[in-house]
Each structure stands twice: as structure tokens, then as C-alpha cells.
Amino acid sequence: MQNLLMNKPCWLIASLAVVGFTGGISAGCKKKPDDGGGSTPGSGTATGGATAPSGGPVTLNASGATFQQAAQEVTIEAFTKANKHIKVNYGAGGSGKGRQDFADQVVDFACSDAPYKEADVGKVKGGEFFYIPNVLGAITVSYNAGVDKLQLSPETIAKIFQREIKTWNDPAIAADNPGAKLPATGIVVARRSDGSGTTENFTKFLEGAAPTAWKLKSGSTVEWPVDTQAGNGNGGVAQIVKSTPGAIGYVDLSDAKASQLKYAAVKNPAGKYVEPTAASVTAAGDGIEVKDNLVFTALNAKGDAAYPITAQSWCMTYAKQADKAKGEAIKAYFKFMLTDAQALLPEIDFAPIPKSLQERALAQVDKIQTP
Amino acid sequence: MQLSELHARSQHADRAFRVLAVVAATTVLVVLALITVTMSKRAWPVLEHMGLDFFTSSRWSAPEGIYGALPFIFGTLFTATIALALAVPVSLGVALFITQVAPPWLKKPMVYLLDLLAVVPSVVFGLWGVLVLSQHFGLGRSFLTAGIILAVMITPIITSLSREVIETTPQTDKEAALALGATRWEMIGASVLPHSKGGLVGAVMLGLGRALGETIAAALVIGSALGQITLDPYASGNSMPAVIANEFGESDGMHKSALIALAVTLFVITIIVNLVATAIVQRSMRRSRGT
Amino acid sequence: MTADDSHDDIPVQRAAPRIGHRGSGDPQVAIDTPVVFDLEDVAVYYGAFRAVRGVAMKVLKNQITALIGPSGCGKTTLLRAFNRMHDVIPGARVTGKLQYHGIDLYGPQVSATEVRRRIGMVFQKPNPFPKSIYDNVAFGPRVNGTKNKIELDAIVEKSLRAAALWDEVKDRLGSSALGMSGGQQQRLCIARTIAVEPEVVLMDEPCSALDPIATARIEELMRELKSRFTIVIVTHNMQQAARVSDRTAFFTAELDSANDRRTGILVEYDVTQKIFSNPSDERTENYITGRFG
């Protein structure tokens, strides 16, 4: 254990120590344990300190969004290294499944790209619960059209995905890309076959940014035209885009990068074409309005540098925990997720939540009561 | 004294067996009834909301709250039909080859291989369909691709069952035809097929049942196009189980109810298929028995 | 060969061999009675197992030849060699000389289906097809190329009349053959066999599944059919052999020194009367008088 950790960067070991593991690991690190937090972005408040109880083994079961599966995986890996007695299982069955499982009290916490609908809040059996925002990510409009740089406005995207624009050299696309040489090839639209939070956020973006052009409304599945190609998961859509000349599809940033896809710069509410990057997603986070219960949307955020199709995700847990050991473990895990784990997100093409939101989220976690 | 004890004990065992049989039979019925009741209850909201349009409308838009299942019912039946059209001749051919033509050294490994294929999980076939049929052979995701995959999946089952049925043809029945100067093929037509007819229909219906209900493989290759009703086999479509598999996870409220209603519809269709099959089997058996 | 023999579409040796008085087990044969089957040193194997060996006999035209003997003596096995029914059993093979009108039945040019069309077979258990009475009888003519409905109707009626079944079934030709009684089914099987106009009818214990009345009808039928067909019958029932057959071959099973298993051998072959009244072999006599088997 100690030898393993000695190969890790010092800041990581140190911050792990802060969050949970208290026994002699600092020996392997020359620096003082308490300087670890400040050296990385987003971890500044970590010194506030979560102390996970180091008692008997605890297993936390969670389910939810596939969107933040990668984020949960790196968080869990880092967290459980420092908290050997805590095991966290995250089943990425989709946001809807996460909300359902959480409402039915079959999981300890759940993660979702969308909050509960007003009518469904009452159906959550465990009583009052908190939304803890923990990650932001871009949904790209990826394409395979022999154009190096592509710019698209929300209206154009809406028309492409409704099959109203069918060729790459359509005047509407040309208008978004002055001076660009566009091919005359046909457009193949790729979309999700499965119900998905990514589809929900993408269609919400279109509903908000192109309210007149977009007619399919928004939801986890919408009534896509018959002549669109369906892929399973972000990976399935990415696969279609990659293998089909002329294809265009919406894929989250990490999958788009993993498949080496090209993606468009999308026009934001400030009128600027912005490419999806960790920076432009963080910029979107800066321009959001957050409600008291920490519900917000990062779509179509204000700010010149904000990428407009920025999706957010929450983890949810009960305000009053029934089990002491589990409650403490959840608090420790959530604090870690909001502090040290935030620094791990850019590596997997997600962005940390903005600092102001992080503080409010940590305050919320502090409010979780354990018996 | 000893004799009466023995007598009492055997009666005891008999009664215990009868109770066990009744309990087992009742359990099956109760489970079936529970499925029907709970599923119907949860499907009810959408049926109330859509009325008969649920079965006749071809629009399915969750955001707008419109749920018309006709394209999915069509897609299910269409792909199953393609699957049967491809699988039945092949299955019967292979079963006849194994039972009537193949030399013994070839017969054993073939039977073993087929029984093995019959238990391959459907997702394996599904992925193979995506990788080989859709991508390598460029069939795309379509009714035809789904039909072919389903055919590949149900062929081992139909073959395996057909083989067993055909194998029960008494040697004397076959020799009756051969002794009249019939060729092997004529012998099959005169003895083997009439003898096995009921069992073969049963085998095909079991295959059909699997084709109708197959979820993962269909979901992977059918294309998930909404609202598509066309006899063009190259078109993308959707089937009931595929829609349920794709959309259930992220569904709520009326959308969930609609998906459950799809499951109930599939359930009912499967029951109808089975009843029809039973009727066909019984009729053919009655006719060949001559009563 | 008699003049009415019409099977000249396979090369049949016109000058059929005339039989003299030679060979062991070779019965006294009237001069000029044509030989249908001529066997010399015939053996039948199932894989490595030799079921019957060393059979030498001549089957004569328009006679009823009975094969009798205890269980396991190879009589059914031999019968099935006459129309190549062993072909469908993996591992079975026939060695020795087995000639049909002078032609090697197992010769390379000879087709088993053609053989069986000329040499029909009625089985131990009635085995009609699960089809109508009409279709059962019409099956053979159909596979042999008769498609004409009027012709088929005539063949069906003629065959059913010959099998003494017509009056019983003429009003329900379309109903399933499986609905008939056992005796009727067996007569239907005979009608079905003679509908293809074979020269020889092989019968493998045709009455073993029937009651005495049905048996009597079949035996009567065999005597009637004798004028048109050559009949070889395997029977367990010695009275039956005595009643219906012209010639009788007695088989028994003996330990085969080659492989230590019991193998069938032909003990004695002669006119039926002689076999049953004055057999020349002690083993035959023991069997006939009930001291064995």
C-alpha cells in the first residue's frame, strides 16, 4: 500500500490523507501533509476536511448517468485507494434508472444529468434529498465531412438534425462558415437509439437556442426522422460518425476525442462560435444561474467564451441518512468528489464545477445528517 | 400387518405427489396471472390516454406524449417473418441431412455443434450482426439485418428440435416407403415429414417465439427508426422488445406506461402465436391419427 | 422366364438358369420352373458381426417360399438382403453371390430403388403412411411416374380388390389409413406393395401382430396372389409355413468359430411337405417336433 502510493504525485497522496486515510502514508512524501490541497485547482476547500470513519467495511451502491461514468470511475479509484474500508459501486444504467433506483431506495446515492420533474419529487421514498452538482461536460456536434473547421449556429443544427438540411454545401451551413469550401455530399444524421440524458440535454439546448427552428421538443428520446442513423450510447453514435462519410452526430467530448472525431464550434448566446474544450466548458459554468437547491442548467450559458452545449450532472443523496457508517462514507465520498476529484476531470475531458458552486455544494454536503 | 403398512405408505406417496403437482401447476398459473395483472395495471394509463390509437397510430413521440405502437408491432412481425422464411428451410434441411443423409462420423459432431449454437447468448449474435452484417457486408441496420440475425439465432433451436422429432420416425415407416422403390427424398416426403409434422410445427413456433421476443440482438441491428412501416427489407425499423430495451432506462410517467403496454402487447401476441401453434399441431395429429 | 414377364427395362437374363439336382440344401426342382433368386455362400454382416452365413438356395417363380427357424437365426436378415433393405442401415453389408434373374443384385450398376420397385416388402408390423387410404396405395405408382388420375384410380381399386380390402374401404378412401384395424392395415400394406406391380413380394412375419381371423384372411390372400407374384415369407409360425408355402427353408443359429458369436445358417431347404413330414436333417426334425426352439 505505501509503496504503491509512493509512486503517485505528492499532492495526491497528501490530499488523500486529508480526506480519509490517516495512517502513516506521509512518510513517503517529503512535503507536509497539509500543503497538498492548495496546489491543484478546485481542491482549495479540501482542508475543511472530511474524515471518513475508519471502522468496519462499508459498501456504497450507486447508479445513474452514463454521462459521468468516467468521472465516477476516476473518483472511485482515487477515493478507495485512500479509504480501503469503503467500497463504491457505480452502475451506469442511465440517468433515468438512477433517479428511479434512488426514488425506490435501492441505492445509497444516484447520479443524473437531469433533476426530478416537479411531480416526481414526492415519489422519492427516502424523504428530503440534496442535489450535489459535481461535473460539467460538453456535448460535441461531431462530423465527418472533409472540412477542417466547421462552425454551426443552433438554427442550422436544428435543421440538420430534423433532416431539413440534407447536403453539406447547403446555404445555411455556408452562411455559418464564410469562405469555407463545403463538399456537396449528403448529410447522414447519427443519433442515439437508446433513451439518454445526452439526447435530453442536446434537445434542450436546441429547444432553448433555436425555439422556432426546432420542432421535436426535448426528452430522453425524441421522434427522430426515419432517415437518421441510430447508435447505441455515445460510443455507438461516435462509431457511425467515424465510419460514415458525410455523417454528423452529437457525442460527448470524451467519446468524440477517444474516436478522434472532428467537432464543430457552436454559436453561443453571445453570438460567438466556441469550440468545446475544458476551458470553454468551465467558462460556461461561470455563466450559470443556480437555484437554492443547486439545480441549474449549463446549456446556453452567458459569456463570450462559454460553450453552449454544456451539460451538467448531479449526484443525489438523502438529507437524513439512516445508517451511520454509510452516511459518513457518503459524506466523505461526496467531499472528495467535490474537491480533489475535480482536478482529475480535465484529464478525461470533463470540467470541474465553478468555485462558487463548489462552495455551495460542500455546504450542502455538510448538512447531511447521520444518526 | 406389514402389508397394510406398505399399502398406507404407498397411498401417502401418491397423495404427496398429487399435492406437489397441483401446487406446481397452480404456481405457474398464479405467476402468469400476476404478470398479466400487474403489467396491465401499469400499462393502463397509456391505453386510457391513447385509446385504440395505441395499436393503430404510427407516431411515437415521448416529448409530445404520443404513443402509437403500430410500427413496432409491424417491425416485430416483419423481422420474425424474415427470420422464419430464412431459418425454416435451412433448419429442416440441416435436420434432414443429419438424420437421413449424414454418415455416422459426421452426424455426432454436427449434433454437438448445433446444440452448442442453440445456447449461445443472443448478444453474441447481435454483436456479430453489427460487426459482420451491418458493417462488413454493408447491410446497415435494417429489418433485413435483424431478420438475418434472428434467423441465425433460431436456426440451431429449430434444427435441434426438428432433428429430435424426425429421429422419432420409426424405421419401419421409412422402410415402408423405401420398399416401394421410393428414393430417399420421396421417403422423407411420405414417411418422415407426415410423421413429424406436429413436432416440426412446434419447433418452428418455439423459434418464432424466440424471434418475436428477442431483444438485444434486434436492438443492436434493427436501426431504431421510429414510425417506419414499410416492406422494404433494407429500411431501418424498430421492434417492440428493442424499443423497450432502448427506452425503458430513461423513461418515466406516461412514457414508461407506454413501454409496459408494449410488453403486454408482445406478451399477448406470443400467447396467440402459441395457441395457434397448439391448434395446428393438434389438428395435424388428429388427422394423421385418422379420428 | 414366362411370356408375361414384362420387366424387360432392366437387363434380365432371358435364358433363366434351369435347375438341376445339385448342391447341398438344393431342393428337388421341377424342370422349367424359372429361378428368381439364386444364392451362393451369402452372408450378411452388421459391422463386424456376421448375422447369417453360407446361405445357398434358389427361390422359384410363382411359389411361396417360407423361411423358418428360431429367433436370431438370421431369416429376417436374409429376407432383407433380397431387396437391398440393408442399404439404409449403416454398417450393414452383404457378401457372396445373390443373383436376381442372373443379375448380381449388389452389382455396381444396380440401383437399390429399382430393385425395390420390382421386389416389394410387407413388414411385421402394419406400417401404413400417415395419409389417406387412397394416397397409401397410390404412393408407389406415383413415385414410379404414374400421375394420371384415372390411371391411379384404376390401380388403387385393382390393388385394393386384390388385397380383399376394396369392399371394406371403397366408401372412405379419403380417410386416414391409421384409423383402420390392424388386419385391414396389413392388407392395405399388401395392396400398397402390389400396386407397383412387383415381381416378388417379401413378407416379414406379416401376421405376427394380427389375430387368428385376420391371419387367416392374409394367408388366403397369399394363396390368391401366388399366381401373380413370387412370395418369400419369414414366419415364426410353423403351421403357417406348412399351410401356405410350397418350399421351406429351415435356419438355425450356431456358434461362429470365427468370432465366438451366434450366426445364422441354412440347415435344410426343400419342398414344404418334405420338411414337415420327413426332414433329412436331425436339427430340422427337432425344431419341427418342438424339441427345440
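## Chains A and B: a quick briefing

Among contacts in chain A between residues at least 6 apart in sequence, 71% link residues at least 24 apart. Keep in mind that this is a predicted model. Chain A has 371 residues, and 58% of them are buried.

**Strands in chain A**

- Take β1(A), residues 58–64, and β2(A), residues 86–91: the two run parallel and are paired over six bridges.
- Within that pairing, Asn61(A) sits opposite Asn89(A) of β2(A).
- β2(A) has two faces: Ile86(A), Val88(A) and Tyr90(A) are on the covered one, while Lys87(A), Asn89(A) and Gly91(A) are on the uncovered one.
- So which face holds Asn89(A), covered or uncovered? Asn89(A), the residue opposite Asn61(A), belongs to the uncovered face.
- Elsewhere in chain A there's an open sheet of three strands, ordered β5-β10-β11, and its pairing is mixed.
- Its edge strands are β5(A), residues 151–152, and β11(A), residues 273–274; each has a single partner strand, so one side of each has no neighbour in the sheet.
- β10(A), residues 265–267, pairs with β11(A) in the antiparallel sense, over two bridges.
- Lys267(A) has Tyr273(A) in β11(A) as its bridge partner.

**Helix α5 of chain A**

- The buried ones are Pro154(A), Thr156(A), Ile157(A), Ala158(A), Ile160(A) and Phe161(A).
- After α5(A) comes Arg163(A), with a positive phi near 65°.

**Helix pairs in chain B**

- A quick reminder: a pair of packed helices is described by the angle between the axes and the distance between them.
- For α3(B), residues 70–101, and α4(B), residues 104–117, the axes come within 9 Å and cross at roughly 145°.
- That α3(B)/α4(B) crossing is left-handed.
- On the α3(B) side, the contact uses Val94(B), Phe97(B) and Ile98(B); facing them in α4(B) are Leu106(B), Lys107(B), Met110(B), Val111(B) and Leu114(B).
- By class, the α3(B)/α4(B) contact comes out as seven nonpolar residues, one charged and no polar.
- Next up are α5(B), residues 122–136, and α6(B), residues 143–167, which pack at about 135° with axes 10 Å apart.
- Angles over 145 degrees would count as roughly antiparallel and 65 to 115 as roughly perpendicular, so α5(B) and α6(B) are oblique to each other.
- The α5(B)/α6(B) crossing is right-handed.
- Ser122(B), Phe125(B), Trp128(B), Gly129(B), Leu133(B) and Ser134(B) are the α5(B) residues in this contact, and they meet Thr145(B), Ile148(B), Ile149(B), Val152(B) and Met153(B) of α6(B).
- Here the classes come to seven nonpolar, four polar and no charged residues.

**Thr265 of chain B**

- Thr265(B) is part of α11(B), the helix spanning residues 253–289.
- Is Thr265(B) buried or exposed? Its relative accessible area is 9%, and the cut-off for buried is under 20%, so Thr265(B) is buried.
- Leaving out residues up to four places away in sequence, Thr265(B) touches Phe54(B), Phe55(B), Ile73(B) and Met240(B).

Conventions. Residues are numbered from 1 along each chain as its sequence is written. Chains are lettered from A and ligands numbered from 1 in the order in which they are written. This is a predicted model: local features need pLDDT of at least 70, side-chain atom pairs count only at pLDDT 80 or more; totals for chains, interfaces and linings use all residues. Side-chain values use heavy atoms; hydrogens and water are left out. Axes are lines fitted to C-alpha atoms, for helices over the stretch in contact, and angles run from 0 to 180 degrees between N-to-C directions. Helices (H or I, at least four residues) and strands (E, at least two) are DSSP runs, numbered from the N terminus. Angles under 35 degrees count as roughly parallel, over 145 as roughly antiparallel, 65 to 115 as roughly perpendicular and the rest as oblique. A crossing is left-handed if the near helix is turned anticlockwise from the far one by less than a right angle, and right-handed if clockwise. Contact means heavy atoms within 4.5 Å. Ala, Val, Leu, Ile, Met, Phe, Trp, Tyr, Cys and Pro count as nonpolar, Asp, Glu, Lys and Arg as charged, and the others, Gly among them, as polar. Two strands pair if DSSP finds at least two bridges between them. Buried means under 20% relative accessible area, exposed over 50%, partly exposed in between (1.4 Å probe, protein chains only).
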